[in-house]
Amino acid sequence: MKKIQINYSQLMFLYAYLRLINLSLDRNKWTTWDELQDYFKNIIVPSKVTQYLINSFHLPKTDFENFNFIPEEKSLLNKLRPIVFKTFPLKQDEILYCCKLLFEFDQALHSDLKKYHVGIEKIRVDIAKYNMNILGKMILWKDLDRLMKIEHFWQSEKNDISKLEEFVPNDFWNK
């Protein structure tokens with residue numbers, strides 16, 4: 001299986017973006033789908049993040065509708081590697097799976113759904129599990145607090161938040 005080195009700014013951005021989606025979908029359970037769609041008109045669209053990943057890591061052309069992959073939780077060695085060696089390896093299929101999740105959310109976001117349903121909840125849970133079990137295991141503790149407070153749809157105005165722009169890699173708009 002091909003290993004890909006993701007740099008830390010890319011890792012933090014991807015984690016923040018997926019957390020933003022997870023939290024936004026969770027909050028959407030109490031509002032209309034139209035409101036979530038409007039919110040994402042002012043946020044980087046999932047297809048742009050997918051394209052960034054494909055271009056950054058020279059991923060093969062993939063049919064995301066039919067791509068199957070079961071992510072495994074990172075091993076102890078993979079959890080320690082970022083701390084000890086400052087390297088952040090992902091398997092190519094792990095990044096392709098992330099692209100598939102972004103593709104599914106993008107499809108739903110641009111659909112004519114009227115309200116949240118079990119299919120959307122599956123996307124939300126899959127994103128949350130991927131973020132927690134794959135990317136989250138490589139995030140350094142010192143950065144976790146900022147990432148946990150990422151902006152999202154229907155957020156409380158009382159909470160201190162981190163803006164997504166804080167995490168966008170320098171090369172994002174060039175890819």
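1. His58 counts as exposed in this predicted model, because its relative accessibility is 66% and the cut-off for that class is over 50%. The residue sits in the loop between α3 and α4 (76-85). Its backbone deserves a look in the viewer: phi is positive, at about 50°, although His58 is not a glycine. Most residues other than glycine have a negative phi.

2. Trp154 belongs to the segment after α7 (141-148). With a relative accessible area of 48%, Trp154 is classed as partly exposed, because exposed requires a value over 50%.

3. The largest nonpolar core comprises 59 residues. Within this core, Tyr17, Phe40, Leu53 and Leu135 have the most contacts. At least two core residues come from each of α1 (8-28), α2 (33-39), α3 (46-57), α5 (92-109) and α6 (118-135). The greatest contribution is that of α1, which gives 13 residues. In soluble globular proteins, nonpolar side chains tend to be buried together.

4. Leaving aside residues up to four places away in sequence, Leu135 touches Leu11, Leu14, Tyr15, Leu18, Leu90 and Tyr130. Leu135 is also listed on the α6 side of the contact with α1, where Leu11, Leu14, Tyr15 and Leu18 are among the α1 residues.

5. The pairing of α1 with α6 has an angle of about 150°, and the axes are 9 Å apart. The two helices are therefore roughly antiparallel to each other, as angles over 145 degrees are put in that class. The crossing of α1 past α6 is left-handed. On the α1 side, the contact is made by Leu11, Leu14, Tyr15, Leu18, Arg19, Ile21, Asn22, Leu25 and Asp26. On the α6 side are Ile120, Ile123, Arg124, Ile127, Ala128, Tyr130, Asn131 and Leu135. Sorted by class, this contact has 12 nonpolar, 2 polar and 3 charged residues.

6. From α3, the contact takes in Pro46, Ser47, Val49, Thr50, Leu53, Ile54 and Phe57. From α5 come Ile95, Cys98, Cys99, Leu102, Phe103, Phe105, Asp106 and Leu109. The contact of α3 with α5 divides into 12 nonpolar residues, 2 polar and 1 charged. Leu53, found in this contact, is also one of the core residues with the most contacts.

7. Gln10 is part of helix α1 and counts as buried, with a relative accessibility of 8%. Apart from residues up to four places away in sequence, Gln10 touches Tyr52, Ser56, Phe57, Pro169 and Asp171. Of these neighbours, Phe57 also takes part in the contact of α3 with α5.

8. Leu113 lies in the loop between α5 and α6. The C-alpha atoms of Leu113 and Gln37 are 10.0 Å apart, with the two residues separated by 76 residues along the chain.

Note on methods. Residues are numbered from 1 along each chain as its sequence is written. This is a predicted model: local features need pLDDT of at least 70, side-chain atom pairs count only at pLDDT 80 or more; totals for chains, interfaces and linings use all residues. Side-chain values use heavy atoms; hydrogens and water are left out. A nonpolar core is a set of buried Ala, Val, Leu, Ile, Met, Phe, Trp, Tyr and Cys residues joined through side-chain atoms within 4.5 Å. Buried means under 20% relative accessible area, exposed over 50%, partly exposed in between (1.4 Å probe, protein chains only). Helices (H or I, at least four residues) and strands (E, at least two) are DSSP runs, numbered from the N terminus. Contact means heavy atoms within 4.5 Å. Axes are lines fitted to C-alpha atoms, for helices over the stretch in contact, and angles run from 0 to 180 degrees between N-to-C directions. Angles under 35 degrees count as roughly parallel, over 145 as roughly antiparallel, 65 to 115 as roughly perpendicular and the rest as oblique. A crossing is left-handed if the near helix is turned anticlockwise from the far one by less than a right angle, and right-handed if clockwise. Ala, Val, Leu, Ile, Met, Phe, Trp, Tyr, Cys and Pro count as nonpolar, Asp, Glu, Lys and Arg as charged, and the others, Gly among them, as polar.
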